[in-house]
Amino acid sequence: MGASGCASPGCRCHGRKPSYPSDLTNAEWAVLAGEARAVMAELVATTGRPMVHDLRAVLDAINYVTRYGIEWRALPVDFPQHEAVYAFFLRWSRRGLPERLAGRLRGRLRVMAGRGELPTAGCIDSQTVKAAETVPAAACGYDGGKKLKGQKRHIAVDTLGLLLCVIVTAASVQDRDGAHPLLARLREKFSTITLVWADGGYAGRLVTWAKQVLGLAVAIVKRSDDIHGFVVLPRRWVVEQTFAWLARYRRLVRIYERKPEHHEAMVWWATVHQMTRRLTRELAGQPPHGRWSDPPALPDLSSPDRRGKVCELLAAQPWRAWKGAELAAVLGIENVNSFRVQLSQWSHQGYINKIGPALYGPMSTRT
């Protein structure tokens, strides 16, 4: 056994420290560890050799592959061997571990949002994704509407955008045909769901079949012909938001897995990673991270004169290309043109650093 505590020769997974943005933080691991071990205990079929690799290191390795879209054999050396990580990925995915884990996290997120643990309504949609050369031709198809050759992801989400079900088919499968097994699986796993929203591509016999066979009401949210440009449609934006969340994981931008069930597992692992981080923020009372970081707050200006205040602003945010109009607005100066001249004089005199033309901007000809 190595010094790190791992029985695998040359593996230092037990002494590994989080090093990548995709790694679980200590707070996230505290949330996920108990859930993961509980699900693993439920799925144990027979007793055998105990796991020698560190569970957190293996999960971080799977998150690394999912997040950055690399090959399994390209895993960094501080993770366990890629053969072992891939074996765990196959074994856990075959037993439904990521799906069950996502279910536990989803229930906690819904309760914290003031909803019931089990959803009563959902939304379905599909997304066509290009397939790499590693995907066999028999598993691919051509989507005439999107003009793409690859596979299609059919997903169902709840009203919070949390994933409920996913099915991967060839891209040539129509949305209505792919929705049949999706809704059947949705009804099998969630007996509480009675209403599902969908777009116009699911209209027709699917609505009647779902009502008569599954007891599901499929409400079609159509786009009006009078609408031009981008318009947020009721309910449908929730599932589109989920597709955007999944697109942040590069392994899901293009399909590389040879089997559809392996890509479904990739989607579930990405969902577990998202839910873990979201639940950790909720428990800590932190606001969600914006897509683009908000600018830091301006410092309290203590200098008595105008030049000192400008120096404090430039020192607080040296990376920012200030404009004269922005500095004038912060300082409450009405005559912007006169202030720009003053900035130029201070720069040439050496009192402030000359950042560039953006600091002063073009002189306005209007008074």
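Me: What should I know about the model before I start?
Reply: It's predicted, so to speak of local features pLDDT must be at least 70, and side-chain atom pairs count only at pLDDT 80 or more, while totals for chains, interfaces and linings use all residues. Residues are numbered from 1 along each chain as its sequence is written, and side-chain values use heavy atoms, with hydrogens and water left out.

Me: OK, how many helices and strands are in the chain?
Reply: The chain has 12 helices and six strands. Those are DSSP runs numbered from the N terminus: H or I with at least four residues for helices, E with at least two for strands.

Me: And what share of the chain is buried?
Reply: Of its 367 residues, 43% are buried, meaning under 20% relative accessible area with a 1.4 Å probe, protein chains only.

Me: Which residues touch the most other members in the largest nonpolar core?
Reply: L75, F89, W92 and W269, out of 55 residues. Such a core is a set of buried Ala, Val, Leu, Ile, Met, Phe, Trp, Tyr and Cys residues joined through side-chain atoms within 4.5 Å. Helix 8 (residues 260–284) gives the largest share, nine residues.

Me: What is W92 in contact with, beyond four places in sequence?
Reply: M40, M51, L55, V58, L59, I62, L97, P98 and W269. Contact here is heavy atoms within 4.5 Å.

Me: Switching to N63: buried or exposed?
Reply: Buried, at 5% relative accessible area. N63 sits in helix 2 (residues 55–68) and, not counting residues up to four places away in sequence, touches S22, L24, W269 and H273.

Me: Which residues line the largest cavity?
Reply: L32, L59, N63, L101, W269 and V272. Helix 2 and helix 8 are the elements giving two or more residues to that lining. The volume is about 40 Å³. A cavity is a set of points on a 1 Å grid over the protein atoms alone where a 1.4 Å probe fits but cannot get out, and lining residues have an atom within 4 Å of a point. Points are joined across faces, edges and corners, and the volume is the space filled by probe spheres set on them.

Me: New topic: how many bridges join strand 5 to strand 6?
Reply: Four, between strand 5 (residues 195–198) and strand 6 (residues 217–220), which run parallel. Strands pair if DSSP finds at least two bridges between them. L195 has A217 in strand 6 as its bridge partner.

Definitions and conventions
Buried < 20%, exposed > 50% of the residue type's maximum accessible area, 1.4 Å probe, protein only. 1 Å grid on protein atoms, 1.4 Å probe; cavity = no way out; pocket = protein on both sides within 12 Å on 5 of 7 lines; lining within 4 Å.
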